[in-house]
Amino acid sequence: MKPAASPVRVMVVEDSATVRMLLCHIIDRDPRLQLAAVCVSAEEALESIEVVAPDIISMDIRLPGMDGLEATRRIMSTHPTPIVVIADAVHDSALSIALNALKAGALTVLEKPAGPAAEAYESAANHIATQFYIMSQVSVIRQRASSPASDDNDRTTPGARFGGANLVAIAASTGGPPALAAVLGGLPANFPAPILVVQHMGGPFMEGFAAWLNDQTPLSVSIAKDRDTPVAGRVYVAPGDRHLSLGPGGVLRITAEAPMASQRPAANVLFQSLARTAGAKAIGVLLTGMGEDGARGLLEMREAGACTIAEDETTAVVYGMPAAAARMGAASIRLPLDAIAPRLIQLIAVERT
């Protein structure tokens, strides 16, 4: 008989007694998890981590003394460990700190749980426990490529096989915020095409995420609105718990249709709409993330004549979505993260000349 897997050992770093109690209850009742330690400050966590050696850390942002961002930086530099940030659904500096913690190496940000009396408590508790379990399996140590890597189909001058594109769509999941910041931050303010973005993230965080992303790039970033007409040099982020697509006439559509593969917004919805509506006029980019969302839509884009790019395994925090695209033959180009923005600039420049 195959031995049962050991439970995932969780260190909780949280100064609120109420939230500590809720997180401990969520962990204790899930057979996949085990409470390894409870710390009320970042300093205590840093002192304990070597002895405790947790599989994953639940990290608060608002802590007495050192905040969760600095704690994340120090942990990732001394004892790299998967970190899940637990934050309020806010739009102020706390969410910005949480998103900067993702840039520092944390994997995802989750909303703090409400009490057991809340209507959505069971769903939220199960989601938190599942995220702890899944994220504990992500390797947080990876090597970055020293030079761009691409597949065998990318042997021509950048842009030579793709003409007339005037729209870029980018999708990401786990590890996506810092990846998106890297790509968009590498583009100039006068980038001559609009950019549509799908990021898997809790709905209450999306407004704050768009504001944070706006500070990471010279481009103007905002939440997409229904019937918007995309404008060059602007980034349109799918709103929380809504699909983003391109409709007839080149206008954006925001819809509440059913989730696709448990995702709303879904990358497949966006990419498939571009395949139908824009064809070879679009460029699709699929970044880090768990699962397979976006791979099928990227394939449809490629079959419609679009240039399609998937992040290479050497830089993807989670090589799930890009790997699915590679298996399907959906990506015409595979590139490490730091090569994607330069390639987009080359593609658009060639296509505009």
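**Entry 1: Asp 293**

I started with the side chains of Asp 293 and His 200, and found a polar contact of 2.7 Å joining them. For a polar contact I need a pair of N or O atoms within 3.5 Å; within protein, one must be able to donate a hydrogen and the other to accept it, and residues adjacent in sequence count only if both atoms are side-chain atoms. This is a predicted model, where local features need pLDDT of at least 70, side-chain atom pairs count only at pLDDT 80 or more, and totals for chains, interfaces and linings use all residues. Residues are numbered from 1 along each chain as its sequence is written, and side-chain values use heavy atoms, with hydrogens and water left out.

Next I followed the side chain of Asp 293 to the backbone nitrogen of Asn 268, which it reaches at 3.1 Å. Where does Asp 293 lie? I found Asp 293 in the loop between strand 12 (282-286) and helix 9 (295-303). Helices (H or I, at least four residues) and strands (E, at least two) are DSSP runs, numbered from the N terminus.

I then looked for a charge partner. Asp 293 is buried yet has no salt bridge, and the nearest side chain of opposite charge, Arg 296, is 10 Å away. Buried means under 20% relative accessible area, exposed over 50%, partly exposed in between (1.4 Å probe, protein chains only). A salt bridge would take a side-chain nitrogen of Lys or Arg within 4 Å of a carboxyl oxygen of Asp or Glu. In the charge count, Lys and Arg are positive and Asp and Glu negative, while His and the chain ends are not counted.

I also listed what Asp 293 touches, not counting residues up to four places away in sequence: among them are Gln 263, Ala 266, Leu 286 and Met 321. Contact here means heavy atoms within 4.5 Å.

**Entry 2: strand 12**

Leu 286 took me to strand 12, where five of its five residues are buried. Ala 282, Gly 284 and Leu 286 cover one side, with Ile 283 and Val 285 on the other.
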